[in-house]
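User: I'm new to this one and would like to walk through it bit by bit. Could you take my questions as they come?

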Amino acid sequence: MKKFSWSIILLLLSKLAFAQSDFDKNQQLIYSYLYSKDLAKAKEIIDTKFLNSDDSSKKVIGNVYLADYYSFFNDESKKAEALETAKAIALKTKNPIDKAYVDFGYARYFDKLNKKDLFMKSLNQSINEFSKHPNENFVLTQLYFLSYNYKSKNSLETDNRSDGIKANQYALKSKNNLFINFTYNNLGYYYKKQYNTTNIKNYIDSANVSYKNSLTYANLIKDPSVKKRSIVVYYLNYGSLASIIHPEDAINESLKYYNKTLELTEKDPKYKEVTALTYNNMGSAYENLGNKVLAEEYYSKSYQLAKDNEDIFPSIKLVIMSNLARTYENIGQLDKALQYEREAKDLIQKSNQEQFDNNTKSLEIFYKTQQKNQQIKQLEETNEIYTKQKILYISLTLLAITGVIFLSYMLYYKQKANKQKTDLLEAEKSETELTLQLEKEEKARLKAEQELLALQQEQLQKQALATSLQLNHKTTFINDLKEKLKEDKTINIDRILKDEKLKDDDFNEAQSILQDVHPNLFNRLNDVSKNKLSNQDMKYAAYIYLKMDNIQIANLMKVDPKTVRMTKYRMKQKIGLEKEIDLRTFIQNLEL
């Protein structure tokens, strides 16, 4: 028994540890391998540790990272499919953390599609949920870093500093050295950019401290490939800062760090894009020094590595081509300058077309998915409405049948009792005056019971009348809702149903009042009216019949007294009354 109990406890502890991303080493390995571009290793962990797991929550996480994996191949279809799979599983588990991971994945997806509202909604929902749980700093670092990058891309640098700082703070709490390294790196880049804009020296000091911290944590990374890439990024970034820190020997200081970068990357094919960037920066350094020959040499080296490399962004290639064109123009080789300007122009056109095609494809997938989800939602809502309608009809039918059976039995037993009493009276005709007196009292009692029966019948009619009003309203509501669904598929069904529930509550409060209305009132009103009165008009007529004033009706209907006056005016027109005839007097004196 003890062994079984400990097994249960260990199982619960393992579930708890898994739910906390700071302790999920497999999840952190995936990120590290994606960062170092060891894509095969990342895919293996996604498959073996997550997608093939028996745990639904792990499958959610696996599909979210699978979408990231497919981003490296620009496979929008598989990326969208992975996120849809994660979403479907999360809907079944109903686990808030699973939903938060799905929102995390969709935030990155909507970021690429430039869907600002959807991006911010998914991002904030994910942050809000993960913030409620302990030891989720690993995921929160990524979320705030995602927000930081989004604001940087959309020229919101004045707003993204806090996101960069929060990303760094969560990274420190997560104790993930890679995250701490690159969040410090990003803060260094941010402060350097602020210095270039404002020329305030404090920004340089902050940038220097941030970059130094990034190197400290880069050296603590255990995986060699991840560590190497982190150090390379530091050398490349710090090389541009060194020239600002040491203006007296700016060129040599920059070249020192660029040469350190080349020592790590020049002979490694996995770092062609970094090597190309380093050559370009060295060319820029020599150009600033006035050495046009070395500038042209390193710009050309950068160009040769970058021109056919798909890992290098077109914007970087354009910078390299622009540098070459300017250099050749400065040394008088105008034909070559023109050649690179034309090549840059062609690249711009090609890049714009590819970007347009990719965005178009992504948007097509997105809208198809949204349309499918909307159709499923509408079908579920329609089925729910039909189910409620069916239940309502069945309930009303059962209620009516029960009422008829009840009245039938009541009438049957009353008639039987009356017959027995009548026979008894006939047998006692020859009895004494005392017997006659008893007979009179019995007849009086019978009359009272019959009046009670008539009163009960009239009460049942009134209840049926009130129920009929509500049923008519429900039928009108359902028919109107069907028409709205046909005309506008984006209608907020939840809001409509909520408003209808409030109307039901109002009707229930008023139902007891309607019991005092004569059952023939509404039929007589429809008979004498020139135009058909609505259910709303009938309610007002009932309250007028019960001698309620405008304030009482307004309070009961939860409307403004002005609305009551306007409704009474329209009712008077529908009925066809002359101006001098008072509606209240007419209804209260109506022959029923």
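User: Is K547 buried or exposed?
Analyst: This is a predicted model, where local features need pLDDT of at least 70, side-chain atom pairs count only at pLDDT 80 or more, and totals for chains, interfaces and linings use all residues. Residues are numbered from 1 along each chain as its sequence is written, and side-chain values use heavy atoms, with hydrogens and water left out. Buried means under 20% relative accessible area, exposed over 50%, and partly exposed in between, using a 1.4 Å probe and protein chains only. K547 has 63% relative accessibility, so K547 is exposed.

User: Where is K547, and what is its phi?
Analyst: K547 sits in the loop between α21 (535–545) and α22 (550–557). Helices here are DSSP runs (H or I, at least four residues), strands are E runs of at least two, and both are numbered from the N terminus. Most residues other than glycine have a negative phi. K547 is not a glycine, yet its phi is positive, at about 65°.

User: Which loop holds K175, and what is its relative accessible area?
Analyst: K175 is another residue other than glycine with a positive phi, near 60°. Its loop is the one between α9 and α10. K175 counts as exposed because its relative accessible area is 70%.

User: Is T327 buried or exposed?
Analyst: T327 is in helix α16 (residues 314–330). Contact means heavy atoms within 4.5 Å, and beyond its neighbours within four places in sequence, T327 is in contact with E287, K292, E296 and Y299. Its relative accessible area is 2%, so T327 is buried.

User: How does E341 count by relative accessibility?
Analyst: E341 belongs to helix α17 (residues 334–427). Setting aside residues up to four places away in sequence, E341 touches A325 and E329. Its relative accessibility is 42%, so E341 counts as partly exposed.

User: How far apart in space are E341 and M321?
Analyst: In sequence, E341 and M321 are 20 residues apart. Taken C-alpha to C-alpha, the distance in space between E341 and M321 is 7.1 Å.

User: How are α4 and α6 set relative to each other?
Analyst: Axes are lines fitted to C-alpha atoms, for helices over the stretch in contact, and angles run from 0 to 180 degrees between N-to-C directions. The axes of α4 (residues 56–71) and α6 (residues 96–112) come within 9 Å and cross at roughly 5°. Angles under 35 degrees count as roughly parallel, over 145 as roughly antiparallel, 65 to 115 as roughly perpendicular, and the rest as oblique. So α4 and α6 are roughly parallel.

User: Which residues in α6 meet α4?
Analyst: On the α4 side, the residues are S57, V60, I61, V64, Y65 and D68. Their partners in α6 are D98, Y101, V102, F104, G105 and R108.

User: How many helices and strands are in the chain?
Analyst: Of the chain's 592 residues, 40% count as buried. Among contacts with a separation of 6 or more, residues 24 or more positions apart account for 61%. The chain has zero strands, and its helices number 24.
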